[in-house]
Amino acid sequence: MEIEGAREMSWLVYLQPNDIQALGMVGYGVNDEKIGYISHLTGLKSLQLVQTSVSDTGILKLKNLRNLREVKLYTINITDRGFEVFDSFPLLEELWIQQAKITNASVGRICKMKNLKRLHLANTGVSPEGLLQIQSSLPQCVITPRGTN
């Protein structure tokens, strides 16, 4: 399911936890308040947020989505503080983050994601050295782009 524009999203609170498995939310109208409308959807396996206004405050509302296997974040206002939410996703296999304010401070968290098979970090503050540390800790993980943050 894809939600674009996000003018009215409160209907999401009426969904049952397992009603949808994949959700894409697009647009700067998706903010910290509206992201809370999906915090009960514990059956979600895939979440994509594209050009949203979600910050650390909003992303941390998603800590109960423990079944997530794929997360894609494009142009989002999260920092290393918000990245803490990823400690709550033990099944995560694929993580894409493009244009976020995370740094090498989040590398240790990524290194603990033992199920991660694919990692894409672009336009973040993670250095080439940080990417090498991740690759060393997660040799089974395909990392792109390589050393070009």
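This is a predicted model: local features need pLDDT of at least 70, side-chain atom pairs count only at pLDDT 80 or more; totals for chains, interfaces and linings use all residues.

Colleague: OK, so is Thr-75 buried or partly exposed?

Modeller: Thr-75 has 21% relative accessibility, so it counts as partly exposed. You'll find Thr-75 in the loop between strand S4 (70-74) and helix H3 (80-83).

Colleague: What is the phi of Thr-75?

Modeller: Positive, about 55°, although Thr-75 is not a glycine. Most residues other than glycine have a negative phi.

Colleague: Which other residue has a positive phi without being a glycine?

Modeller: Gln-51 does, with phi near 45°. Gln-51 sits in the loop between strand S3 (46-50) and helix H2 (56-59), and at 38% relative accessibility Gln-51 is partly exposed.

Colleague: Switching to charges. How many salt bridges does the structure hold?

Modeller: Five. One of them joins Glu-70 and Lys-72, with the closest N and O atoms 4.0 Å apart. Lys-72 also meets Glu-94 in a salt bridge, at 3.9 Å from N to O.

Colleague: What do Glu-70, Lys-72 and Glu-94 make up together?

Modeller: A network of salt bridges.

Colleague: And which of those are buried, which partly exposed?

Modeller: Lys-72 has a relative accessible area of 18%, so it is buried. Glu-70 is partly exposed at 24%, and Glu-94 is partly exposed at 22%.

Colleague: What does Lys-117 pair with?

Modeller: Glu-93, with the closest N and O atoms 3.9 Å apart. That pair links distant parts of the chain too: Lys-117 is in the loop between helix H4 (107-111) and strand S6 (118-122), Glu-93 is in the loop between H3 and S5, and they are 24 residues apart. Lys-117 is partly exposed at 49%, and Glu-93 is partly exposed at 31%.

Colleague: Are Cys-111 and Cys-141 buried or exposed?

Modeller: Cys-111 is buried at 9% relative accessibility, and Cys-141 is buried at 3%.

Colleague: Which side chain reaches the backbone oxygen of Cys-141?

Modeller: The side chain of Gln-135, at 3.1 Å. A polar atom of the Gln-135 side chain also lies 3.3 Å from the backbone oxygen of Leu-138. Gln-135 is in helix H5 (residues 128-137), and with a relative accessible area of 17% Gln-135 is buried.

Colleague: What about Glu-84, what is it in contact with?

Modeller: Leaving aside neighbours within four places in sequence, Glu-84 is in contact with Leu-60 and Arg-109. Glu-84 lies in the loop between H3 and strand S5 (94-98). From Glu-84 to Asp-56 is 9.0 Å, C-alpha to C-alpha, with the two 28 residues apart in sequence.

Colleague: Last one: which residues make the nonpolar surface patch?

Modeller: Trp-11, Val-13 and Tyr-14, giving a patch of about 350 Å². Trp-11 is in the loop between strand S1 (2-4) and strand S2 (22-26), and Trp-11 is partly exposed at 37% relative accessibility.

Definitions and conventions
Residues are numbered from 1 along each chain as its sequence is written. Side-chain values use heavy atoms; hydrogens and water are left out. Helices (H or I, at least four residues) and strands (E, at least two) are DSSP runs, numbered from the N terminus. Buried means under 20% relative accessible area, exposed over 50%, partly exposed in between (1.4 Å probe, protein chains only). A polar contact is a pair of N or O atoms within 3.5 Å; within protein, one must be able to donate a hydrogen and the other to accept it, and residues adjacent in sequence count only if both atoms are side-chain atoms. Patches are made of residues with over 30% relative accessible area and no salt bridge: like charges are joined within 9 Å, nonpolar side chains (Val, Leu, Ile, Met, Phe, Trp, Tyr) within 5 Å. Accessible areas come from the Shrake-Rupley method with a 1.4 Å probe; for residues, only the protein chains shown count as cover. A salt bridge is a side-chain nitrogen of Lys or Arg within 4 Å of a carboxyl oxygen of Asp or Glu. Contact means heavy atoms within 4.5 Å.
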